[in-house]
Amino acid sequence: MRNQLIKFGRLTAQLLFGSIALALVTLTSLYCHAHFTATAFAYLVVILLFSLMSSFIASAVLSIVSVALAYLSTPATFDLRIDNPQDLAVIVAFFVASIVGAYLIAKILQKRECALQAGDRLRRSEADSRDSEKQWREIFEHNPVMYFMVDAVGTVLNVNTFGAKQLGYLPTELVGQSVLKIFPEEDRAFVRNCVAVCIETVGQSHTWDIQKIRRDGSVLWVRENAKAMHWADDALVVLIACEDITERKRTEHALERSEAHLAQAQELSQTGSFGWNVATGEVFWSKETYRIFQYDPATKPTPRFVIERTHPEDRAAVQEIIDQALRGHKDFEHEYRLLMPDGSVKHLHALARATITASGDVEFIGAVTDITAAKQVEQQLRRSEAYLAEAQHLSRTGSWSWDVRRRNFAYRSAEVSRLFGFDPRGAVSVEAFQSRIPPDDLERLREMMRQANHDKGGHFEFDFRIILPDGAVRRIHSVAHAAVDSEGSVSEIIGTHMDVTEQHAARERLETALAALRESEQRFRDYAETASDWLWETGPDHRVTRLSEHTSAAGILAKGLVGLPRWEIACDVEAEPEKWRQHRAILNAHLPFRDLVYRTVNRIGSPIYVRTSGKPFFDASGSFLGYRGVSTDMTAIIRADQAERELRKAQTELAHVTRVTTLGELTTSIAHEINQPLAAIVTNAEACLGWLDREIPDLSAARRSVEWVIDDGIRASEVIRRIRALAKKGEIDMVPLDINDVVKEAVALVTRELVSQQVSLRTELAPALPTILGDRIQLQQVIINLVMNGVEAMQAVKDRTRELVIRSSQNDMGRVQLAVTDCGVGIPDDDADRIFGPFFTTKSSGLGMGLSICRSIVEAHGGRLSIVRRQEPGATFEFVLPMHAQVVS
């Protein structure tokens with residue numbers, strides 16, 4: 001409203017001034033008697049001038065006023081008639097010209113005003129733009145965010161100082177360069193694809209994480225937010241804002257590594273973690289926990305999973321543990337077993353701690369460990385301890401540990417107590433042990449320990465004796481090691497005591513036997529010292545060209561061998577033509593050879609055996625020059641082999657003589673064993689005739705009698721077969737045998753002798769024993785000899801039943817063992833070490849070769865024959881043989 005009033009006031013003022021101007025023009029024209037045309041022109045000029053300063057409306061009103069004044073200023077003043085038609089044309093022309101001119105001037109003024117306003121707005125817009133650009137550039141340069149502007153091909157158009165500085169560059173060093181320069185080679189394809197996606201989706205934002213390479217080669221992780229937009233000349237650019245997330249990535253990577261390490265540690269330790277919120281029932285399992293329970297990780301776990309996998313025998317106990325934990329909200333720890341789908345069993349150790357969450361809920365956090373391997377090791381350790389205890393008992397070796405500071409045993413095995421003659425179950429003082437060691441041996445033992453303490457460790461061995469209450473002497477060999485603590489002092493001595501009484505006695509026997517062999521041994525030593533290998537060389541024609549000089553001086557070889565081929569030196573060419581044919585073929589092929597043994601003569605004409613080996617040698621051009629090699633005098637070795645074969649033959653003969661002798665001792669029993677079926681044959685034959693002589697022959701009864709005759713004949717034939725086998729002299733025949741069958745066949749031959757001596761026989765033969773590899777006849781000989789010895793040992797027994805026990809079994813080592821036990825007078829301790837020696841006997845008529853031959857036979861079978869000491873009267877002889885599979889392997 002106010003603006004309208006202002007405009008109206010301005011229009012009124014313009015009309016007033018215009019009217020005054022026109023009035024002045026009119027008065028002037030009247031005064032000067034100007035022509036009407038001149039007056040109209042003057043009016044037109046005034047109107048046009050006012051049009052430049054006022055609005056079109058004012059100019060139009062002034063034009064009308066001018067027409068009125070012009071009309072009134074004609075000579076006929078105040079007369080409405082126009083006498084001159086030309087004046088009317090002038091008036092019309094004046095009016096049109098004033099209106100058009102005023103309109104045109106108004107339009108021009110209006111456009112000028114619009115142009116001025118547009119220019120003013122443009123100037124304000126440019127100022128605003130400069131201010132905005134200045135503010136944007138301030139933000140672009142000083143904002144702590146990395147900004148890049150790149151074109152469609154990835155060329156950097158602009159980069160802020162902060163971003164360039166973060167990468168170690170100046171902005172000018174990056175502008176105009178490819179943005180790929182600051183990315184790793186393996187990520188550049190990804191960057192190209194991201195820029196292309198932004199160009200294809202103008203105006204849309206895209207975000208990705210990527211690493212950039214600083215100028216110094218270090219890595220900077222950033223999160224880039226990019227958008228493509230139109231820039232100057234409508235060109236597409238991509239504006240990229242980069243947020244530094246290096247520390248975040250390092251934290252993420254550290255967390256990932258920590259999680260990976262935790263998962264790896266859980267896998268290596270076979271320990272899984274779990275969480276259980278009692279209020280919500282939510283259960284969390286780690287990957288290793290899923291693996292332990294063998295559930296699919298995609299399955300959501302529940303407490304029921306644990307109960308379902310628990311071994312049925314442990315399920316109630318596990319449920320009780322869980323119920324107690326729920327009732328009392330207390331920590332729990334227990335061990336239990338899992339029964340897996342494949343039937344295997346796992347042992348687990350679970351440990352959980354009750355915690356209170358922020359919301360006040362009770363939550364159990366815990367770990368579960370697969371201790372199956374530890375349980376298996378524990379079981380194996382128990383078995384190993386049992387095996388060790390049994391091995392110590394069998395080998396009569398005890399282990400111990402001596403506490404140096406307390407001067408007492410820190411540990412001793414049961415076998416140590418047995419060696420000293422004490423009950424392992426009883427408490428025995430150190431003084432009691434020391435009382436059974438002779439004073440001089442005890443002092444030497446103490447000195448040894450003082451020396452070990454002085455030397456601060458080390459290994460040492462010593463021997464001492466033990467005097468048992470019955471006066472028997474045991475010889476002990478001890479091996480010990482001094483353990484040093486962190487302060488360098490000896491804190492403990494660990495060692496073993498081994499009963500070497502038998503070895504000591506055997507060594508004494510061996511020394512006695514060796515004394516008789518020393519003279520013979522010295523002779524052979526002299527031979528060995530004078531004999532040696534010699535070197536030789538032959539030419540291309542295989543004739544000897546060179547020999548070691550000492551062969552002539554020592555008289556090893558005959559004279560005149562140089563120039564002869566080897567087959568002319570040897571004396572067995574005609575006896576072994578194939579050997580020499582093959583040897584000459586090797587020589588002609590120029591191939592190396594080894595261990596050719598041939599017979600020749602030495603200087604005095606005695607036959608000797610030579611073992612030779614050689615290889616060809618060539619010159620630089622590859623031409624064959626001959627052979628070089630070494631020869632050895634094998635005469636002593638071959639003669640020893642021949643002597644050993646003769647010895648084995650003699651042993652076989654002796655074993656045969658012994659078997660025949662044993663058969664002679666069993667003549668009465670053998671005769672009874674044969675006569676019994678023969679008498680039955682006669683009786684049954686007579687009965688058969690009786691059945692046939694009846695008026696109506698009883699053929700059925702006669703047939704039975706004939707069948708009994710046949711059975712008795714077979715039984716007599718079997719007895720004769722066994723006797724012939726024992727009496728037969730033949731080669732050793734090693735075949736797979738069942739020891740129980742061998743025992744039964746041997747017992748059949750001595751059954752009558754046992755009856756005649758009033759000896760009851762009890763056999764305890766273990767079923768399904770593994771087969772052995774042996775000679776049936778020789779093993780029968782061993783069993784018969786042991787049985788007959790037992791029978792003879794019980795001849796003087798009058799106060800108890802004469803019982804002989806034959807027991808077969810398999811020991812802990814898998815070997816087959818057979819024991820023959822009698823209840824006779826037993827074997828004195830003085831004779832126990834000599835009883836297996838040749839020609840040792842306690843019988844007035846014996847040769848003393850039986851047990852010696854038995855031991856030789858058993859040892860030839862890879863076994864061992866020994867006496868088992870017993871508290872009861874009598875003696876037990878036991879031999880152990882390897883299984884067939886052990887012999888073959």
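The exercises below work through a predicted model of one protein, each with a solution in steps.

In this predicted model, local features need a pLDDT of at least 70 and side-chain atom pairs count only at pLDDT 80 or more, while totals for chains, interfaces and linings use all residues. Residues are numbered from 1 along each chain as its sequence is written, and side-chain values use heavy atoms, with hydrogens and water left out.

**Exercise 1. Confidence**

State the mean pLDDT of the protein, and examine residues 75-81.

Solution. The pLDDT is the predictor's confidence in each residue, on a scale from 0 to 100; its mean over the protein is 77, and 72% of the residues reach 70 or more. Over residues 75-81 the pLDDT is below 50, and beyond near neighbours in sequence this stretch has five contacts in the model, where contact means heavy atoms within 4.5 Å. Where pLDDT is low, the predicted coordinates should not be read in detail.

**Exercise 2. Secondary structure and a hairpin**

Count the helices and strands, then describe how S16 and S17 pair.

Solution. Helices (H or I, at least four residues) and strands (E, at least two) are taken as DSSP runs, numbered from the N terminus; the protein has 27 helices and 27 strands. Two strands pair if DSSP finds at least two bridges between them, and S16 (residues 534-538) and S17 (residues 544-547) pair in the antiparallel sense over three bridges. Threonine 538 has valine 544, in S17, as its bridge partner. The two strands, S16 and S17, form a hairpin with five residues between them, and histidine 542 in the turn has a positive phi of about 65°.

**Exercise 3. Nonpolar cores**

Solution. A nonpolar core is a set of buried Ala, Val, Leu, Ile, Met, Phe, Trp, Tyr and Cys residues joined through side-chain atoms within 4.5 Å; buried means under 20% relative accessible area, exposed over 50%, and partly exposed in between (1.4 Å probe, protein chains only). The largest such core has 40 residues, and those with the most contacts inside it are Ile783, Leu786, Val787 and Phe879.

**Exercise 4. Histidine 861**

Is histidine 861 buried or exposed, and which backbone atoms lie by its side chain?

Solution. Histidine 861 lies in the loop between H26 and strand S26 (864-868), and it is buried because its relative accessible area is 6%. A polar atom of its side chain lies 3.0 Å from the backbone nitrogen of aspartate 775, and a polar atom of that side chain lies 2.8 Å from the backbone oxygen of isoleucine 857. Beyond four places in sequence, the residues in contact with histidine 861 include Met734, Leu773, Gln778 and Pro882.

Note on methods
Polar contact = N/O pair within 3.5 Å; in protein donor to acceptor, adjacent residues only side chain to side chain.
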